[in-house]
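Have the sequence and the 3D view open as you read.

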Amino acid sequence: MRVVLGVGGGIAAYKSAELVRALQQRGHRVQVVMTNAAQQFVQPLTFAALTAQKVITGLFSQESPQDTLGSAVEHIAIAQENDLLAVAPATADLLAKFAHGLADDFLSTLYLAFTGPVLVAPAMNTAMWEHPATIANLNLLRERGVSIVEPDAGWLACGTMGAGRLPDPEQIAEAIDSMTAARRDLEGESILITAGPTQEPIDPVRYISNRSSGKMGYALASEAVRRGARVTLISGPVDLPVPRGVDLVRIRTAREMYDAVLAALEPATIIIKSAAVADYYVADVPKQKIKKTATRFSLDLEPTPDILAAVGERKGDRLLIGFAAETENMIAEARRKMVSKKCDMVVANLVNRDGLGFESDQNEVEILTRAGQIVHAGPAGKKEIAARILDQVARLRLALQAVEA
Ligand code: CTP
């Protein structure tokens with residue numbers, strides 16, 4: 001893996017040299033970026049010698065001013081060339097910059113431009129570590145899917161005892177390893193994922209929909225691609241970037257999703273139905289806008305086709321994973337849906353909790369299998385939840401293959 005290691009300005013910066021070594025020993029290629037403050041603690045030459053590469057020390061090249069344009073766009077190139085960004089030690093200042101999107105030096109600019117996995121290993125004085133501002137910044141980063149290696153407790157360089165010490169470089173390298181471990185455990189699978197809400201028109205300007213943001217389904221799609229699967233994503237209207245490497249089919253209504261899913265079913269080996277499909281629609285949508293009247297108004301709704309149940313009927317030996325969005329009796333309802341829709345697995349979540357599930361970046365789920373297992377995941381960012389769900393999917397796939405063999 002290609003790891004870009006950001007070194008922040010703290011007394012622990014010297015340990016980053018050992019971290020470079022530990023990463024190299026694990027077969028990673030390391031590019032070092034140092035903040036100005038870091039250079040007060042350790043010379044860039046140390047890292048240049050260890051990595052046999054130029055160390056990036058600023059946004060603009062001072063060595064060769066004529067190269068300024070090249071340097072000014074270097075953060076984009078570095079962001080694209082590397083698989084993972086690790087920052088160790090991450091100072092309180094860097095965490096604040098990352099959390100609030102400041103981009104006034106190379107490392108903070110790189111952080112914003114980087115779309116891959118990010119790990120931070122904070123190190124600072126205990127009072128700074130426990131300050132509400134640092135806690136809030138870390139929570140923001142965690143919500144956005146940044147992995148955090150918590151500092152150790154012990155004697156700190158400032159002469160106090162408490163939490164804030166950079167963990168052993170081996171431990172950080174281990175954490176980086178487990179993030180980058182190229183788990184291509186979905187290689188050869190063709191996964192069909194549905195995501196987002198559907199919109200059911202009432203008239204030319206109005207529709208029935210729900211609060212689904214599509215974030216869970218999109219996170220599943222990008223994680224599945226990362227793990228080697230071919231992914232077709234059938235998505236209702238959402239405001240999200242298209243995940244890299246995914247075949248996207250955009251639909252609007254439940255009927256369109258039904259048609260798109262059945263059309264894409266044949267090559268699929270795994271189907272994950274995370275979409276929040278409308279249960280009812282207006283069969284005869286008037287051509288003209290419905291006018292307001294002084295009396296009560298009611299809509300005549302017909303049930304939409306149950307896509308998951310339809311796939312369940314045709315599933316063959318495909319793995320079928322449904323979602324159950326509940327406000328009460330979550331496990332019982334999820335079990336009922338698993339049986340009635342012929343799913344192999346159901347991901348259940350409560351959707352009436354603030355800050356979790358619908359519209360949120362966070363989720364907490366129970367993953368139920370046909371065999372009666374229940375695996376809990378979260379609360380965590382949807383990227384992390386997607387990884388945990390796919391762990392279970394890959395495990396189930398292996399178990400079924402073992403039974404067949
Ligand atoms: N689903 C579907 N087609 C529908 C409705 C739901 O494919 N017309 C799928 C969803 O994508 C999800 C699962 O069924 O994977 C469960 O959705 P949910 O809204 O929780 O359940 P419903 O079947 O709609 O049941 P209820 O409204 O009683 O909770």
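**Salt bridges and a ligand**

Q: Which residue does Asp 391 meet in a salt bridge at 2.7 Å, N to O?
A: A salt bridge here is a side-chain nitrogen of Lys or Arg within 4 Å of a carboxyl oxygen of Asp or Glu. At 2.7 Å, N to O, the side chain of Asp 391 meets that of Arg 227. The pair ties distant parts of the chain together, with Asp 391 in helix H15 (residues 382-404) and, 164 residues apart from it, in the loop between helix H11 (215-226) and strand S11 (230-235), Arg 227.

Q: What kind of model is this, and how are residues numbered?
A: This is a predicted model, where local features need pLDDT of at least 70, side-chain atom pairs count only at pLDDT 80 or more, and totals for chains, interfaces and linings use all residues. Side-chain values use heavy atoms, leaving out hydrogens and water, and residues are numbered along each chain as its sequence is written, from 1.

Q: Is Asp 391 buried or exposed?
A: Buried means under 20% relative accessible area, exposed means over 50%, and partly exposed is in between (1.4 Å probe, protein chains only). Asp 391 has a relative accessible area of 17%, so Asp 391 is buried.

Q: Which residue forms a salt bridge with Arg 388, with the closest N and O atoms 2.4 Å apart?
A: Both partners lie in helix H15, 4 residues apart, or about one turn of the helix. Arg 388 counts as partly exposed because its relative accessibility is 26%. The partner is partly exposed too, at 38%, and with N and O atoms 2.4 Å apart, that partner is Glu 384.

Q: How many salt bridges does the structure hold?
A: Why do such pairs turn up? Side chains of opposite charge can pair when their charged atoms come close. For this structure, the count of salt bridges is 24.

Q: How many helices and strands are there in the chain?
A: Both are DSSP runs, numbered from the N terminus: helices (H or I) have at least four residues and strands (E) at least two. In this chain the count is 15 helices and 19 strands.

Q: Which element gives the largest share of the shell around the ligand?
A: Helix H13 (307-313), strand S16 (319-326) and helix H14 (330-340) each give two or more residues to this shell. The largest share is 4 residues, and the element giving it is S16.
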